[in-house]
Amino acid sequence: MKKVIVHKSAVPIYIAAGAWAAYALLFPLYRVGHFAIAAAVSAAAYFVSRCFCKDVKEEIEVEPEPVRTGNEALDEMIAQGQLALKEMRRLDDNIADEVISRQIRRLEELSGKIFDQVKQRPEKLPQIRKFMSYYLPTTLKLLNTYDRMGGQGISGGNVGATMERVENIMGTIVTAFEKQLDALFGAEALDISTDITVLENMLAREGLSRDTVHRTVQQEKQEDKEEPSDGGIQLEL
């Protein structure tokens, strides 16, 4: 997490001090009034220079405050997740290959959504145990290896072959993360599907839908009466 610190420019202070010194050299300070005038000149120089001297803004990386939810397992997941996301951002900055960087950003996005889902629904924590204990740390290990080997400037041999294998598996890893996120919505999707089915049946029974399968006998008789007469002529084929 980044924090912006604003440093006020020290230049106006130096200008104010210089104005005081210049006034003292040009106009000897014999009386109290002279000191008051010098102070006024110095203050004016300070405030005028402040209008032209911009503050300096500095961005620094700060560690987020540990989350305390009262659920020890959830707190540990959140802490590990924050470290994993920070590492992904570092790897994205370090790795020059745009394809790999784009995939890392996608992994960061998916991981963040996974962590958010579990934070909102802690009962889903068991669903990501293997993700947290194996898939996520192994992915970071592969990417760290890729990052280190990429800095060696070697394109062939063991280094080149290993980097190529990492590149080839990244697409599969992204798909796996997507499926992990999708799996967290499995129970909710089933509940919604059941609700939709019940709602459809109720609407059909009440005659509030176009579902002909659930029309009542009375509705069918009413529709038969409303059909226009064909003059009594019926053709049987």
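The following dialogue explains how to read selected features of this predicted model.

Q: What conventions apply to this model?
A: In this predicted model, local features need pLDDT of at least 70 and side-chain atom pairs count only at pLDDT 80 or more, while totals for chains, interfaces and linings use all residues. Residues are numbered from 1 along each chain as its sequence is written, and side-chain values use heavy atoms, with hydrogens and water left out.

Q: How many helices and strands does the protein have?
A: Helices (H or I, at least four residues) and strands (E, at least two) are DSSP runs, numbered from the N terminus. Here the protein has eight helices and two strands, in the sequence order β-α-α-β-α-α-α-α-α-α.

Q: What percentage of the 237 residues count as buried?
A: A residue is buried under 20% relative accessible area, exposed over 50%, and partly exposed in between (1.4 Å probe, protein chains only). By that criterion, 25% of the 237 residues are buried. One example is Y23, in helix α1 (residues 11-26), which is buried because its relative accessible area is 13%.

Q: How does one compare the span of helix α5 with the span it should have?
A: The expected span of a helix is 1.5 Å times one less than its number of residues. Helix α5 (residues 129-150) has 22 residues and should therefore span 32 Å; its end C-alpha atoms are 31 Å apart, in agreement.

Q: Where does α5 bend?
A: The bend at a residue is the angle between axes fitted to the seven residues ending there and the seven starting there. In α5, the bend is about 30° at Y135, and the proline P137 follows within four residues.

Q: Which helices do the buried residues of α5 pack against?
A: Contact means heavy atoms within 4.5 Å. The buried residues of α5, among them F131, L140 and D147, pack against α3 (72-94), α4 and α6 (157-183). D147 counts as buried because its relative accessibility is 17%. Not counting residues up to four places away in sequence, D147 touches R90, L91, N94 and I95.

Q: How many aromatic pairs does the structure hold?
A: Rings of Phe, Tyr and Trp (its six-membered ring) pair if their centres lie within 6.5 Å; planes under 30 degrees apart count as stacked, over 60 as edge-to-face and the rest as tilted. The structure holds two such pairs. F131 and F177 are edge-to-face, at 4.9 Å centre to centre with 70° between the planes. Because F131 lies in helix α5 and F177 in helix α6, this pair ties together parts that are 46 residues apart in sequence. Both F131 and F177 are buried. The rings of Y134 and Y135 have centres 5.5 Å apart and planes at 75°, so they too are edge-to-face. Y134 is partly exposed, with a relative accessible area of 48%, and Y135 is partly exposed at 40%.

Q: What does the side chain of Q117 make a polar contact with?
A: A polar contact is a pair of N or O atoms within 3.5 Å; within protein, one must be able to donate a hydrogen and the other to accept it, and residues adjacent in sequence count only if both atoms are side-chain atoms. Q117, in helix α4 (residues 98-120), is buried at a relative accessible area of 13%. Its side chain makes a polar contact with the side chain of K124 (3.5 Å). Leaving aside neighbours within four places in sequence, Q117 is in contact with K124, L181, L184, F185 and E188.

Q: Which ring face does K124 lie over?
A: A charge sits over a ring if NZ of Lys or CZ of Arg is within 6 Å of the ring centre and within 35 degrees of the ring normal. K124 lies over the face of F185, at 5.2 Å from the ring centre.
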